[in-house]
Structures are given as C-alpha cells and as structure tokens.
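This report covers annotated spans, a helix pair and aromatic contacts. The sequence and structure are shown next.

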Amino acid sequence: HQRNHEISRSKVHFRFTLSKLIRQLQEIMRRWQVILICWLLSVHPMHSAVVPISEEKNDSDNDSETPAGDNAENKTRVQEKDLSDVEHNPDDEHNPDYDHEAFLGKEEAKSFDELTPEESKMRLGKIVEKIDKDNDGLVTEDELKVWIKYVQNRYIQNDADKQWKELQSELADNKLVWEAYKKRTYGFLDDQDMNAEEDSESYNYKDMIKRDERRFERADKNGDGALDQEEFADFLHPEEAPHMRDIVVEETIEDIDKDKDGKISLAEYIGDMHPSKEGTEEPDWVESEREAFKEDHDKNKDGLLDFEEVKNWIMPDDYDHIMGEVTHLIDSADKDGDGKLTKEEILDKYDVFVGSQATDFGEALTRHDEF
C-alpha cells in the first residue's frame, strides 16, 4: 500500500511541476515578445503610431510575471504533502536523497554536491545547534519535527513573499482584489481569446480564469473581497491551508473526470496516470494502481471515487509524513537508544541527514538565523 501511495504521490507532483514549467515557459515567450516589439519600434520609428494600441496589452504581459507562471493553470493534484519529490523506498531500496531533502529542503539539497565530508559535518553541526532550541545538547523528537516542518514550509512562504512583493503596484491598502490579479495574470488575453471555441487553447484560459476566481474567493477567509498576504499564500498553495483543501479535491476531480459525472472511474484514474498508447506494453505499476483503486481508494466498492474518496486518496489523514521521517532519522542515528540524538550521534551518521557531495546545504546554513 505504501509503495502504491508513493507512486501516486510522485505522479501528482510530476503533473503539478510540469504544469508549472509550461506556464513559466509561456511567460518567458511573452516577455521576449515585448522585447521584440520594443526593438522593432526603435528600429522603425514610423511605426510608433501603433504603440498606444499594443501598449495596453504588452504592459499586462510584462506585469504578469511569477503569478501567471506559478498559478494560472492550477491543475494541482496534491496528496498529503510529502517531504521530498523522490521516493523513499524505490524498489524496496532505501533512498537517502529523500532524507536529505526532508531534512534540508529541496532547494537546500543542491549545493552539498560540492562539499567534502568534513565540510558537510561542519555545516551540519551548525544546523544541529539551531535545532536544539533549549540548548541541552540533545535533539528530541519534537525539536526535529519542528525543524523539518520549518524546512518544508519555508519554500511556500518564500514563494508567497516573492510574488506578493511583485504585486505591490496592484495592491490597495496592502490587499489584492480579484480584478487586479486577473488583469496582471491574464491581461495578455484579448477579446478573441476570451470568445474562443471550446476545443481551442484559448478556451483553456477561460477555464483557468474561472478556477482561479473560485480559488481566490475560497482563500478570502474573512470575506472582505480582497486577499491579504496570508490569504494570498493560501491561494497559491491551497494544499497547505485546512480551509482550502476542498478546492484541491474539486480541482483534482475536474482534471481527471472526463465524462463530467462528478466522480472518477477506474478508467479515468488509470488514464490520468498512464495514458494508453497502442503498441506499448503497460508497466507493472499500472496493475498495482488498479488494485489500489479497488482495494484502497474505492471504499464503497461502487467502481467510482466520489468526493470523500478522492479526498482520502490525495490527502490521507492516516499518515504523518513528518513524524514518520523523524522516527526514521532518530532510529538511524540513536546509538544509545534513548530516543534522543546528541550532536555526535548526528555527525556520526551525517550521510543520513545531509550526505557529502550528494546533497544541498546552501541556504540552510546562510539562512539558519531565520529559524
């Protein structure tokens, strides 16, 4: 069951990452379009008469930077947040990269590649001192859990902070209204795009706008019609906010439910994970997913996943990933078996926590004072 769960989780994260990448590439193309137009106008000044016509559209293009790149598509299928993009036990073999990303964070898991074992131990030692909040020389379960949770939340908070800063010109009384966000994110669309046929690419933008607006409204916790910075973070990362989790389930069903009956069939479930192609052999894990659908996800055995069953599938509440990782790390390094870790015990097993020339350390050291 755990193996099937990790496969599903990896698939969900991959689709979200790919969606995000596509939107970022589209944003880069829009920026180059603006640069090209500016160059043409500088080379051919007689065309300056058309500037007022194009400026309005291109200004919106230029403004729609990270928000559009990170958010516009919103096809996130998020399971209960895992601690790493990589599987913990692929093919029943323990993967230390999972522990490294869980302990340091994904972005912090890159610069360790250049560190020697001595450098890794030295820098890890400084992190251990920060984890030990009461300075008693022992890292407890609670202290390690707080650290890992901090590491996992740091990316989300940094992402929200960065985008909020880029939206400063759109804010009124330090709040963001939907129309301002819509203009900044989708301002490059013209009337023809908005009136496109259902099977066109532009029609997808109409759907994305509707979904973004619904998510925006759901993130407006106090119902004042605008988002403050905390509510905006919930809008960007709804999987992290308890009051937003239903919207994640709704979006997941909408993405997978091809016949639009409000439920997910086995064919839709498998088709979303592994679109069938003629002449290609089906991987073994697909059959495992069929079994997971029937035995684990379809609780009432009606052959369909309803809202609650999808919610239980993508955001199960029966497993605490952080506590599971804390237990694993302590078990791996606790020589005396007292359930706590000394600095020496952690450094002796440094490769479990960070590795050398295999993980990133980077910001975990340079930004440890934040913690």
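## Basis and annotated spans

Helices (H or I, at least four residues) and strands (E, at least two) are DSSP runs, numbered from the N terminus. The model is predicted: local features need pLDDT of at least 70, side-chain atom pairs count only at pLDDT 80 or more, and totals for chains, interfaces and linings use all residues. Residues are numbered from 1 along each chain as its sequence is written, and side-chain values use heavy atoms, without hydrogens and water.

An unreviewed UniProt entry places the feature "domain: EF-hand" at several spans, including residues 119-154 and 244-279; such annotations may be inferred rather than shown by experiment. Residues 119-154 are 75% helix and 6% strand, with end C-alpha atoms 24 Å apart. Residues 244-279 are 56% helix and 6% strand, and their end C-alpha atoms lie 42 Å apart.

## Aromatic pairs

There are 12 aromatic pairs in the structure (ring centres within 6.5 Å, using the six-membered ring of Trp; planes under 30 degrees apart are stacked, over 60 edge-to-face and the rest tilted). The rings of Trp164 and Phe232 have centres 5.4 Å apart and planes at 50°, so this pair is tilted. Trp164 belongs to helix H6 (residues 141-166) and Phe232 to helix H10 (residues 229-236), so the pair ties together parts 68 residues apart in sequence. Trp164 and Phe232 are buried (under 20% relative accessible area, 1.4 Å probe, protein chains only).

Trp178 and Tyr181, 3 residues apart, both lie in helix H7 (residues 178-186), and both are buried. One aromatic cluster is formed by Trp164, Trp178, Tyr181, Phe216, Phe232 and Phe235.

Technical notes. Buried < 20%, exposed > 50% of the residue type's maximum accessible area, 1.4 Å probe, protein only.
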